Amino acid sequence: MAGGMENRSWKRQVLCFFLCLCVSLGACETIRYSVPEEKKSGSLVANIAKDLKLDVGKLSGRSARLISKSSKQYFELNTRSGDVIIKEKIDREDLCGQSDPCLLQFEIVLENPLQLYRIEVQIDDVNDNSPKFSKNEFPLELPEQLPVNSHFPLERAQDSDIGTNGIQSYAISSNEHFSLDVHSRGDGSKYAELVLEKQLDREEQAQLMLILTAADGGLPQRTGTARIRVNVLDSNDNFPQFSQSVYKVQLMENSPKGTLVTKVEASDLDQGSNAEITYSFRQVPDKALKLFQLNPLTGEITVLGIIDFEDAAMYEIEIQATDGGGLYAHCKVLVQIKDMNDNAPEVTLTSLTSTIPEDSSPETVVALFRVSDRDSGDNGRTLCSIQDNVPFALKSTLKDYYELVTQKPLDREKVPEYNITITATDRGTPRLTSVRVIRVQLSDINDNPPVFNESSYVMYLKENNPPGLLIGTVRAADLDTEQNAKVTYSALPGNIGDFPFSSSISINSENGNVYALQSLDYEQTRDFQNSSAPANDLVPRSAEAGYLVTKVVAVDGDSGQNSWLSYQLLKATDPSLFAVGLQTGEVKTSRPITSPDSVKQKLVVLVRDNGEPPRSTTSTLNVLLVDGFSDAYMQLLDVPQEEEQQDTLTLYLVISLSFISFLFLVSVVTIVATRLYKTRQCREQYVSSSRNFYCDPNFSTNPAETSGTGTLPQSYCYEVCLTTGSGTSEFKFLRPLVPSLPVDPIAAGGSILDCQINSSLKGEKESVREGRASVSEDSIPRSSGEGCIVNKVIGINENCDQNGWLSYQ
């Protein structure tokens, strides 16, 4: 076991050495690793990032992925660590059988920039299979009087393992007649022959039972056994003899069923039944048994199944000839399969960018693909090409890999998309071809200016026209698409006499309709052109948010970043109604237009360059909000008159508000004065009346004496006046009525001071603390039909019932 581990360690060091050599010289196409079979899922194979000296943190960002050539995905790449780990447990015997070495290939693909690494992983055999014989017992019939040292080939044991883990030795149980002679075949496999050491005598012993043991060379060693039953026959002293010990033949793949492969012949010098020979397969794999059949009487081998060179290039078949006396001989038939060009090349896309900008620079990679052919020799060599009439080219990268790149400038307006036909042809006879079509679309860039349908427009208008009349329409088209093809119309600023051009003419920014904003007089203005004046635009009141009003265009004579312009809304009649595109200068509505919005909107747009220091200028836009366009009955609103009406309305609103405020103030003063007057009358009326309420004469108003009791340090009188027969209380305003003086409470004008008030019926007390009164829900009696005066604080409700009892809640 230690020797095996050292051997694997040595292999790993050699692989690392070659990897380092390849990286340093840049001439190695394939990186090789080795891993033993039967390792658990999740076991580490190698760290690709470390071996390729790649940044682990960029693997995920560069969309690193593992592409396997096999149908099963035995490995997977952890982009966070760069580890290649086993995804599914590998059984070398199922994967490669007896083939050595057993290799699994895959590629590591990185993007941005595109890189590809080819990886080969050799699956090392482990000793996980024991030698097995096809049967537990083999009969061997031998005639007596055979000469000593006669050799009898024995059936080989089968071991799915290879190398030292395969069968290394045979042994036979101890006996006096036979020994064992072990030989090696050309492929390194072992087989045994039974050697006669002592002549047989059927009369002395008619049957012998031997134990044959096959052992492999693995650690720990595994063995398999079978019994050999030797039956001794009467004399048949001649063995069949083949004309050749080895038959070598060639067979073309895809040969039809029944095709003769070869004919083996054996002869026997005996006569009668001892000379009758039959032929049979011996130790032929099941796969070969499905492909070939043997005539037991003639020795002819014919095709039974479909012969495919891609499955196997060579078959080794053993034939046994047995005479009537049970003697047999063996020969080998080596069938070499010749390749036919029966597989067309395969085009496999690895990466595809289906849409590229029309301004893509030459050598832009559009697609990465691989061309493969399962045939061999010239039949498997391929040529790849595309049609000549496209601005693309193929570049060969690694073996069998190609890049489709741009070669010439692209123009979406001329050709919006390309169907690129990839043709892969092999060099076999006859040549086979595969075709793969890749569709590449060009995305638009804004590389075409709008173009008017006519170089100049002449429009006629009768004088005294109604305002808002549609005069005509200008049309412009753009070869670009979508947003790049959206055209907005605006008039250059200018004057008509002493008045700005925009006061008379407006152009709809979306459809190019030209409107007369006011009635024109032929005697005053017969024709005009605009040159420089503030812009004037119409916007329908039905416009939703995002409606394009106009587009501000500015030009800077500087270059570079000094000419980069940005737009912003500097001032507006209603800043919430409009917005200006920072880079485009497009003026759009920010919200739907509502009725209160002013008919005339004035916008000031600031244009600033990106220089140092920045320079700026402004443009003034006049926008009119109207109910519709181009109807003859439409009457343009008189904006100054409306503004004057709005100013008058505002004045009326201010006067009305002032008058209402004055009336409210007079009402408040009157109510307060009335309340004061009634309060004084109420106090004079009810202080003179005798009540069951009194102030405790022992109550102290000295702060020093009351500080520990929680009562007020000063005397305050809060009063409530109730009308006769009232069911609810009506509060008067609260304020100190009498200063804190040490006088008799009755002599103080009849006011009831804040103190403890005794209830004549239940002896309850009401304490006034910190300006808040806490009164029990017990009622206080009073005479029916009379008012009552008690200490009261805002927030406490009181009611007098029909019997004159005052209750607190």
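Two strands count as paired if DSSP finds at least two bridges between them. Helices (H or I, at least four residues) and strands (E, at least two) are DSSP runs, numbered from the N terminus. Keep in mind that this is a predicted model, where local features need pLDDT of at least 70, side-chain atom pairs count only at pLDDT 80 or more, and totals for chains, interfaces and linings use all residues. Residues are numbered from 1 along each chain as its sequence is written, and side-chain values use heavy atoms, with hydrogens and water left out.

Let's start with the sheet. Four strands form an open sheet in the order β1-β7-β6-β3, with mixed pairing. Its edges are β1 (30-36) and β3 (65-68), each pairing on one side only. β1 runs parallel to β7 (residues 115-124) over seven bridges, and I31 sits opposite I119 in β7.

Next, the cysteines. Taking a disulfide as a pair of cysteine sulfur atoms within 2.5 Å, there is one disulfide here, joining C96 to C102 with S to S at 1.9 Å. The link is right-handed, with 65° about the S-S bond. Both C96 and C102 are buried (under 20% relative accessible area; over 50% is exposed and in between is partly exposed, using a 1.4 Å probe and protein chains only). C331 counts as buried too, because its relative accessibility is 3%.

Finally, look at D159, in the loop between β9 (151-153) and β10 (167-172). Leaving out residues up to four places away in sequence, D159 touches Q98, N129, S130, P131, N165, G166, I167 and D216, where contact means heavy atoms within 4.5 Å.
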